[in-house]
Amino acid sequence: MPNVKLLDCTLRDGGYVNNWRWGFASAREIIRTLTRAGTDIVEVGFLRNVEQYDPDVTVCNTIEELNRLLPDNPGHTMYSGMAMRSNYDIAKLSEYSGKGIEMIRITAHDYDIKEGMDFAREVKARGYKLSINPINIMGYSDRDILWILDQVNAILPYQFSIVDTFGSMRRRDLERIVSLVDHNLDPSIRVGLHLHENMALSFCLAQEFIDKHLLRDTTVDASLMGMGRIPGNLPIELVADYMNEVLGDHYDIDELMDAIQDYIAPMKGETQWGYTPAYFLSARFNLHRDYAEHYLAKGDLTNRDINHILSVFDRSKATAYDPAYADQLYAEYQGRRVDDAAALEQLKSTFAGRRVLVLAPGATLADPATQARVAALRGQEDGADLMVSANFVPDFLTPDYAFFTNSKRLDKMGAFPCPAILTSNLRPEQPPEHCTVVGYDRLAGAFAQGSNSVVMLLRLLALCGAKAVLLAGADGYTEGKPAYADTSLHTHTDRGPAFHAAMAQAIRACGLDVTFVTPSAYQQA
């Protein structure tokens, strides 16, 4: 049976947004996540004539350099790279070794398409699966397309791609070009489709292409969140969900949502393209769009969490936005009640009558001088008896406890250097060795704009009879400045004076003597 493969081109085509500077570790994790999601083909970057190798950039001189990004266990995923005839010396391309990047997609302009075919032959001769992707197929007449197909048939590549470079393709164009290609291309060659989002038609056209059920293998290109040269590409999470529904595929939407949350969405605040996941998630379940935005505003939910909450909505609530009902489901999802009486008694014996240094992950803690001053507080007469970090573990000292309320932050942790206190909404596959669980619902609800780890920790310390709190790293949010010491964490761009005032009020409401030891917008609010 002919099959439809899904190809992700985020690291290659999406790189036009960030000049391909993903960072080596981030690029590797994106590839791993796409692999876990079951993506059939992942394009890891460009082969291009560059001055020197930069591991943080997905544009390289050699296939060996790109191969360094690949995971040890590829599963059923194939990896590809792209090369343009006009800017890559084919002599740099070594023979396919039997592992690593298996397919090379070559591209050429209309003015050098003949040379592009010679370039394609060289790639195939080196043992790679070959995909021929002429730039801007909409710019060719039918006669010219037939000439290209004759050349392609003589080469017999693995794939030929219909590339709508300028995003000008409409449904009638898709019908014409796909029909022309399908009837004149050797049946052993699969047909790919690469769309751009200029007219917001990419997902519609992709569905049309998939629903044709051509009697040949096909491939659809897409990228995470549609990331690509503005206005972007076909979003992979949309087409994966559609293929799951109509073709019975099993792409893991949660993994795609994680990759977007961690690596793609933060960049969209700097460079806008295409749509946003909030509308995808609400549309996926045919719900009022305000529900997804409601949950995003909470600040402590991942896209994966929102996906799961929306999946259980009462259909009678779908059309008219009901924030009270949305909050009810939020509380149920986060609550997961537990009997924490014994845990609280244990924590009371630890914190009662003690001065506690609470460390939040704010950007002020990235400064070495501040780190030294904060670390020294433990030994001072008016300093802290104990230290607890909130939703992170600092690398400049080892706290006595690490307090976690956020599944994404917890999932990033490896081995814990100290005992952990987790709220009951967290269900880690491998809990920390020394772990105490307290009820989420006992600590949440005191903050009007959603739960907050610092506020929840202060409430816990108050319940446990702590004498006073020294608070460091609770910076707040300033436009244009990093909010966190760990720059990989997403900074909420919509948090300003109203949020700071709500936080200040919530901190005061905890009933503890709180002293700010680093500058904070919450202190001034």
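## Exercises on a predicted model

**Exercise 1.** Leaving aside its neighbours within four places in sequence, with which residues is glutamate 208 in contact?

*Solution.* Step 1: contact means that heavy atoms lie within 4.5 Å. Step 2: with neighbours within four places in sequence set aside, the contacts of glutamate 208 are Arg171, Leu174 and Glu175.

The structure is a predicted model, in which local features need pLDDT of at least 70 and side-chain atom pairs count only at pLDDT 80 or more, while totals for chains, interfaces and linings use all residues. Residues are numbered from 1 along each chain as its sequence is written, and side-chain values use heavy atoms, with hydrogens and water left out.

**Exercise 2.** State in which helix glutamate 208 lies, and decide whether this residue is buried or exposed.

*Solution.* Step 1: helices (H or I, at least four residues) and strands (E, at least two) are DSSP runs, numbered from the N terminus. Glutamate 208 belongs to helix α8, residues 202–211. Step 2: a residue is buried under 20% relative accessible area, exposed over 50% and partly exposed in between, with a 1.4 Å probe and protein chains only. Glutamate 208 has 19% relative accessibility and therefore counts as buried. Step 3: the buried residues of α8 are Ser202, Leu205, Ala206, Glu208, Phe209 and Ile210. These buried residues pack against β1 (4–8), α7 (171–184), β8 (190–194), β9 and α9 (236–247).

**Exercise 3.** Describe the chain after α8, with attention to histidine 213 and leucine 214.

*Solution.* Step 1: histidine 213, which follows α8, has a positive phi near 50°. Step 2: leucine 214 is placed in the loop between α8 and β9 (218–222). Step 3: the relative accessibility of leucine 214 is 15%, so this residue counts as buried. Step 4: apart from neighbours within four places in sequence, leucine 214 is in contact with Pro2, Val178, Asp182 and Phe209. Leucine 214 and aspartate 182 stand 32 residues apart in sequence, with 7.8 Å from C-alpha to C-alpha.

**Exercise 4.** What is the strand order of the open sheet of seven strands, and why is one side of β14 and of β16 left without a neighbour in the sheet?

*Solution.* Step 1: strands of a sheet pair through backbone hydrogen bonds, either parallel or antiparallel. Two strands count as paired if DSSP finds at least two bridges between them. Step 2: the order is β14-β13-β12-β11-β10-β15-β16, with parallel pairing. Step 3: β14 (435–438) and β16 (514–516) are at the edges and have a single partner strand each, so one side of each lacks a neighbour in the sheet. Step 4: from one strand to the next, the twist averages 25°; axes are lines fitted to C-alpha atoms, for helices over the stretch in contact, and angles run from 0 to 180 degrees between N-to-C directions. Step 5: helix α15 (residues 341–351) lies across β10 (355–359), β11, β12, β13 (420–423) and β14, and runs at about 115° to β14.

**Exercise 5.** Trace the pairing of β12 with β11 and with β13.

*Solution.* Step 1: β11 (residues 386–390) and β12 (residues 401–404) run parallel and are joined by three bridges. Valine 388 is opposite tyrosine 401 in β12, and alanine 390 has phenylalanine 403 as its bridge partner there. Step 2: β12 also pairs with β13 in the parallel sense over three bridges. Here phenylalanine 403 has isoleucine 421 as its partner in β13. Step 3: Tyr401 and Phe403 point one way from β12, Ala402 and Phe404 point the other way, and all are buried.

**Exercise 6.** How many residues has the largest nonpolar core, and which helix gives the most to this core?

*Solution.* Step 1: a nonpolar core is a set of buried Ala, Val, Leu, Ile, Met, Phe, Trp, Tyr and Cys residues joined through side-chain atoms within 4.5 Å. Step 2: the largest core has 141 residues, and those with the most contacts inside it include Phe160, Ile162 and Leu310. Step 3: helix α10 (residues 253–268) gives the most, eight residues. Step 4: a second, separate core has 12 residues, among them Leu359, Leu365, Met387 and Ala472.

**Exercise 7.** Decide whether helix α13 is largely enclosed or largely open.

*Solution.* Step 1: in α13 (residues 303–310), six of the eight residues are buried, so this helix is largely enclosed by the rest of the structure. Step 2: the buried residues are Asn303, Asp305, Ile306, Asn307, Ile309 and Leu310.
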